[in-house]
Amino acid sequence: MSQSPEPCTLTLADGTHYDLSSLSNAKKDYSVKVGDLEYNLNVCRNVVHELWNVGDLENVGAVVTHNQGDFSLGATNTTVIASPGTSEPMLVYSNGSPCADSDVTASTVIRFICSESEFGSGSPQLLAALPVTSSSEDQCQFFFEWKTHVACPTNPKQLEGHWTVIGLLLAFLMIGAFTTFAGMTMYNRFVLGYKGWDQLPRPSAPYFDLSGLRRSFRRDGHASWNSGGYGHVRAEDNDEEEGFAGRFSLADDDDDEDARALAGDPAVWRNAQPAQQGNDGRGSGGRVNL
């Protein structure tokens with residue numbers, strides 16, 4: 001077992017760690033009432049209680065009020081030790097007020113017990129005040145027991161080990177991700193010949209089959225349309241030199257006369273009108289003058 005150099009803490013040889021610093025209260029003391037007496041004590045600091053007729057006012061860790069004034073139960077101490085047998089954290093306040101009719105000074109022992117059910121700071125309890133006499137002013141040694149969750153041990157060394165493992169795993173993951181990214185970039189650049197932003201690897205987006213969403217609007221003699229636009233029209237189906245425009249060119253139509261009519265040649269329209277009238281059911285000899 002070993003004592004921690006940090007105030008109000010204790011670290012055992014096996015790494016078990018205790019930290020009582022959160023019990024140190026600068027606003028109020030912890031009060032214990034026994035009969036007509038009230039004991040006030042604090043943890044790792046001097047009491048806040050206003051003292052009366054007691055020496056060394058700035059260094060009183062625990063106090064009880066008598067008829068003649070306040071009686072110091074021990075000077076403030078920030079060194080936590082391990083309780084013999086149980087290794088629980090323990091504070092010892094010594095060098096208090098002089099005891100009656102002796103050269104001994106008052107002292108106090110506070111043993112802290114881990115209690116996970118005590119979610120707050122808990123409260124101390126007086127176990128014994130010695131010697132056992134009819135007068136409380138003759139008592140010189142005091143023993144308190146304090147149940148609190150703050151007294152439950154922690155293992156900072158083991159936690160540090162866990163964080164080390166997590167850090168190493170994260171480092172390996174980052175190295176693996178960087179290596180994969182760099183390898184794919186080099187492959188795109190030197191093997192596939194990509195340049196600029198194209199050489200950077202991109203995540204593959206999931207493929208959605210939209211064939212079910214396509215709608216075809218078909219009429220007799222008309223081409224169908226779908227959501228793919230004109231993607232189904234291929235330039236190689238037409239003249240290689242004309243490509244896509246060749247399909248819709250008027251100048252290259254097989255029927256030159258129809259092409260001229262679409263282009264607006266009036267001569268064609270004059271020759272075509274009688275023929276059209278002859279086919280409308282009213283005879284073929286009709287003549288129309290324009």
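This is a predicted model: local features need pLDDT of at least 70, side-chain atom pairs count only at pLDDT 80 or more; totals for chains, interfaces and linings use all residues.

Me: What is the geometry of the aromatic pair of Tyr39 and Phe144?
Reply: The ring centres of Tyr39 and Phe144 lie 6.0 Å apart, and the angle between their planes is 75°. Planes over 60 degrees apart count as edge-to-face, so the pair of Tyr39 and Phe144 is edge-to-face.

Me: Which residues touch the most other members of the largest nonpolar core?
Reply: The largest nonpolar core has 32 residues, and the elements that give two or more residues to this core are β3, β4, β5, β6, β8, β9 and β11. In general, nonpolar side chains in soluble globular proteins tend to be buried together. Within this core, the members that touch the most others are Leu20, Val43 and Phe112.

Me: With which residues is Leu20 in contact, leaving aside its neighbours within four places in sequence?
Reply: Leu20 is one of the residues that touch the most other members of the largest nonpolar core. Once its neighbours within four places in sequence are left aside, the contacts of Leu20 are Cys8, Val43, Val80, Pro89, Phe112, Val150 and Ala151.

Me: How do strands β5 and β6 pair, and what is the bridge partner of Thr65?
Reply: Strand β5 covers residues 62–66 and pairs with β6 in the antiparallel sense, over five bridges. The two strands form a hairpin, with two residues between them, and strand β6, which covers residues 69–74, is mostly covered, since six of its six residues are buried. As for Thr65, its bridge partner in β6 is Asp70.

Me: How many disulfides are found in the structure, and what pattern do they follow?
Reply: A search of the whole structure finds three disulfides. When the bonded cysteines are counted along the chain, the pattern of these links is 1-2, 3-5, 4-6.

Me: Which parts of the chain does the disulfide of Cys8 and Cys44 tie together, and how many residues apart are they?
Reply: The sulfur atoms of Cys8 and Cys44 are 2.0 Å apart, and both of these cysteines are buried. The torsion about their S-S bond is about 85°, so this disulfide is right-handed. Cys8 lies in the segment before β1 and Cys44 in the loop between β4 and β5, so the link ties together parts whose separation in sequence is 36 residues.

Me: How far apart are the sulfur atoms of Cys99 and Cys140?
Reply: Cys99 lies in the loop between β8 and β9 and Cys140 in the loop between β10 and β11, so the pair ties together parts that are 41 residues apart in sequence. Cys99 is buried at 7% relative accessibility, and Cys140 is buried with a relative accessible area of 7%. The link of Cys99 and Cys140 is right-handed, with 55° about the S-S bond, and the sulfur atoms of this disulfide are separated by 1.3 Å.

Me: Is Asp101 buried or exposed?
Reply: Asp101 is found in the loop between β8 and β9, and its C-alpha is 8.4 Å from that of Asp138, although the two are 37 residues apart in sequence. Its relative accessible area is 84%, and because the cut-off for this class is over 50%, Asp101 is exposed.

Notes: Residues are numbered from 1 along each chain as its sequence is written. Side-chain values use heavy atoms; hydrogens and water are left out. Buried means under 20% relative accessible area, exposed over 50%, partly exposed in between (1.4 Å probe, protein chains only). Helices (H or I, at least four residues) and strands (E, at least two) are DSSP runs, numbered from the N terminus. Two strands pair if DSSP finds at least two bridges between them. A nonpolar core is a set of buried Ala, Val, Leu, Ile, Met, Phe, Trp, Tyr and Cys residues joined through side-chain atoms within 4.5 Å. Contact means heavy atoms within 4.5 Å. Rings of Phe, Tyr and Trp (its six-membered ring) pair if their centres lie within 6.5 Å; planes under 30 degrees apart count as stacked, over 60 as edge-to-face and the rest as tilted. A disulfide is a pair of cysteine sulfur atoms within 2.5 Å.
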